[in-house]
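Please take a moment to look over the structure shown here, and then follow the explanation that leads from one part of the chain to the next.

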Amino acid sequence: MKRVSFICMLIFLGFLITSPLGHTSCNCTVGNGISFIGNELIADSCPPEGADDNTEYHYVNYGVQCSGGSVTIYAPWGDTNQSPALVTNYYANQGLRVLRNPAGTHIIALAKY
């Protein structure tokens, strides 16, 4: 249990040290004045033991934009308490492409251009 807690702490510190997305190698093209292209949600805690897609997390929500051909964080958009299953289904039902890690602690929902 101590090893799992230590690993979670290291992962969490990694998120704090690096900026969300880390999209330095991503590029994009949009038109007609569109710049907002999606959302990134990052859980601010490690998954508890036995967590599944119905485990509720506190997510910090960031807007994602295409600016000058690069994908960047636009601004923090607030937060939410939801399960990975609910977040994934919500954005998929809105027509966005959803990418996530297996634990559901990092979810990116992007418009399908």
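In this predicted model, the side chains of D53 and R100 meet in a salt bridge, with 2.8 Å from N to O; the term stands for a side-chain nitrogen of Lys or Arg within 4 Å of a carboxyl oxygen of Asp or Glu. Side chains of opposite charge can pair when their charged atoms come close. The structure holds one salt bridge, and because D53 lies in the loop between β1 and β2 (57-67) while R100 belongs to strand β4 (residues 96-100), the pair ties together parts that are 47 residues apart in sequence. At 33% relative accessibility D53 counts as partly exposed, and R100, at 30%, also counts as partly exposed; in these terms, buried means under 20% relative accessible area, exposed means over 50%, and partly exposed lies in between, with a 1.4 Å probe and protein chains only.

Residues are numbered from 1 along each chain as its sequence is written, and side-chain values use heavy atoms, with hydrogens and water left out. Because the model is predicted, local features need pLDDT of at least 70 and side-chain atom pairs count only at pLDDT 80 or more, whereas totals for chains, interfaces and linings use all residues.

The protein chain has two helices and five strands, where helices (H or I, at least four residues) and strands (E, at least two) are DSSP runs numbered from the N terminus. Read from the N terminus on, these elements follow the order α-β-β-β-α-β-β. The predictor's confidence in each residue, called pLDDT and running from 0 to 100, has a mean of 78 over the protein chain, with 73% of the residues reaching 70 or more.

Leaving aside the neighbours within four places in sequence, Q65 is in contact with S35, F36, I37, S70, V71, T72 and Y74. I37, one of these residues, has its place in strand β1 (residues 36-43) and is buried, with a relative accessible area of 8%. I37 and T72 are 35 residues apart in sequence, and their C-alpha atoms are 9.8 Å apart in space. C66 also lies in strand β2, where its relative accessibility of 7% makes it count as buried; from C66 to F36 the separation is 30 residues in sequence and 6.4 Å in space, C-alpha to C-alpha.

Y59 has its place in strand β2 too, and at 0% relative accessibility Y59 counts as buried. The C-alpha atoms of Y59 and G78, which are 19 residues apart along the chain, are separated by 8.7 Å.

Which aromatic rings pair in this model? Rings of Phe, Tyr and Trp (its six-membered ring) pair if their centres lie within 6.5 Å, and planes under 30 degrees apart count as stacked, over 60 as edge-to-face and the rest as tilted. The count comes to two aromatic pairs. Y57 and Y59 form an edge-to-face pair, 6.0 Å centre to centre with 65 degrees between the planes, and both Y57 and Y59 are buried. Y90 and Y91 also form an edge-to-face pair, at 5.1 Å centre to centre and 75 degrees between the planes. Y90 is partly exposed, with a relative accessible area of 48%, whereas Y91, at 10% relative accessibility, counts as buried.

Taking the chain as a whole, 30% of its 113 residues count as buried. Among contacts between residues at least 6 apart in sequence, 55% join residues at least 24 apart.

Methods: Contact means heavy atoms within 4.5 Å.
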